[in-house]
Amino acid sequence: MAAATWSERVLKLVVDLNNLHRGGCLPFCVQGQRVGWVLQPVAQLLSQTSDVFTLRRDPSAQLELSDRLRCPQDRTRAVQEVMESLRAQDVFPCLREWRDELYDVKGLFSDPPLLRMERAATPLLGVSRYGVHVNGFLHKETETYMWIARRSLTKPTYPGKLDHLAAGGISAGSGVWETLLKECTEEACIPESLAATAKPAGTVSYAYKLDAGLYPECQFVYDLEVPESFQPVVGDGEVQEFYLWPLDKVRAAIATEEFKPNCALVVLDFLLRRGHIQPDTEKYYTQFVENLHGPL
């Protein structure tokens with residue numbers, strides 16, 4: 001059998017990160033608003049082991065947070081206690097990645113939060129997770145280059161994989177721009193005066209299932225053109241080193257297992273937006289675009 005082409009490998013990547021079929025999922029609702037999705041076995045366990053969650057059958061099946069929890073603080077506290085108990089019992093693999101970092105749970109990103117959850121627990125309720133990714137690039141003569149980071153070997157997820165110049169999840173109470181400036185400073189020691197020139201370039205969204213967890217994720221994408229004299233510096237230890245690669249090398253790398261999968265999608269989006277992949281020559285052009293903007 002012939003080896004898979006670059007296009008075939010990238011297509012597999014984008015499809016694998018959009019493998020969440022909601023036929024086997026139930027809506028997770030807070031105060032009558034759907035804020036996530038949950039697998040039926042998880043919903044049953046949560047409703048059977050705690051009065052914090054209720055599994056409704058009529059008029060349609062859904063998992064609800066108890067109405068007795070009237071404010072975000074009470075909901076946060078109650079859900080946290082349930083997740084800490086499940087973590088202690090080692091019931092779900094995702095809880096082994098506990099970070100003591102809270103994420104906001106809300107309907108739309110612009111909505112006020114209904115509660116806050118431990119980041120590692122969010123997949124159990126399939127709530128949308130948001131992050132910021134920065135494409136750091138420069139033009140040198142006739143070629144485009146991109147700054148690529150290699151993740152620290154001590155990272156709890158995807159250790160040693162290739163990553164963006166700066167990227168990170170949006171923690172509870174934080175905004176997109178605030179997170180961008182923070183990640184640029186902490187991960188790559190980028191001066192704020194330079195980081196502030198980053199330009200918004202839309203979003204990349206996808207949703208996938210892994211074990212008992214559901215991962216609907218949306219990354220706010222920014223393009224940051226840097227001068228040739230710029231040199232990133234390892235900051236908070238989440239990165240072990242940086243590389244300045246020509247875009248053709250980056251393009252080849254996203255089709256390998258070296259790249260953190262969601263970062264590869266953001267790079268693919270950059271290649272499409274900047275015309276480095278053309279619809280007349282790329283067989284899967286439309287499939288690439290569709291899978292970079294999946295529903296949450």
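What volume does the largest cavity have? About 70 Å³. Keep in mind that this is a predicted model. Every value I give today is computed from it.

Let's start with the cavity. The structure holds one cavity of 30 Å³ or more. So who lines the largest cavity? Look along the chain with me. There is a group made up of Y103, D104, K106 and F109. Then come S128, R129 and Y130. Further on, the lining takes in I170, S171 and S174.

Now sort that lining by class. Four residues are nonpolar. Three are polar, and three are charged. Which strands each supply at least two residues of this lining? Strand 5, at 102-105, is one of them. Strand 7, at 129-140, is another. Find both strands on the structure and you will find your way to the cavity lining.

Next topic: R70. Where does R70 sit? Look in the loop between strand 4 and helix 3. Strand 4 covers 62-65, and helix 3 covers 72-89.

Is R70 buried or exposed? R70 counts as exposed, because its relative accessibility is 57% and the cut-off for exposed is over 50%.

What does R70 touch? Leave aside its neighbours within four places in sequence, and R70 is in contact with Q31 and R75. A polar atom of the R70 side chain lies 3.2 Å from the backbone oxygen of D67.

One last distance. Take R70 and G107, which are 37 residues apart along the chain. Their C-alpha atoms are separated by 17 Å.

Note on methods
Residues numbered from 1 in each chain as written. Predicted model: local features only at pLDDT ≥ 70, side-chain atom pairs only at ≥ 80, totals over all residues. Heavy atoms only, no water. 1 Å grid on protein atoms, 1.4 Å probe; cavity = no way out; pocket = protein on both sides within 12 Å on 5 of 7 lines; lining within 4 Å. Points joined across faces, edges and corners; volume = space filled by probe spheres on them. Helix = DSSP H or I, 4+ residues; strand = E, 2+ residues; numbered from the N terminus. Nonpolar A, V, L, I, M, F, W, Y, C, P; charged D, E, K, R; others polar. Buried < 20%, exposed > 50% of the residue type's maximum accessible area, 1.4 Å probe, protein only. Contact = heavy atoms within 4.5 Å. Polar contact = N/O pair within 3.5 Å; in protein donor to acceptor, adjacent residues only side chain to side chain.
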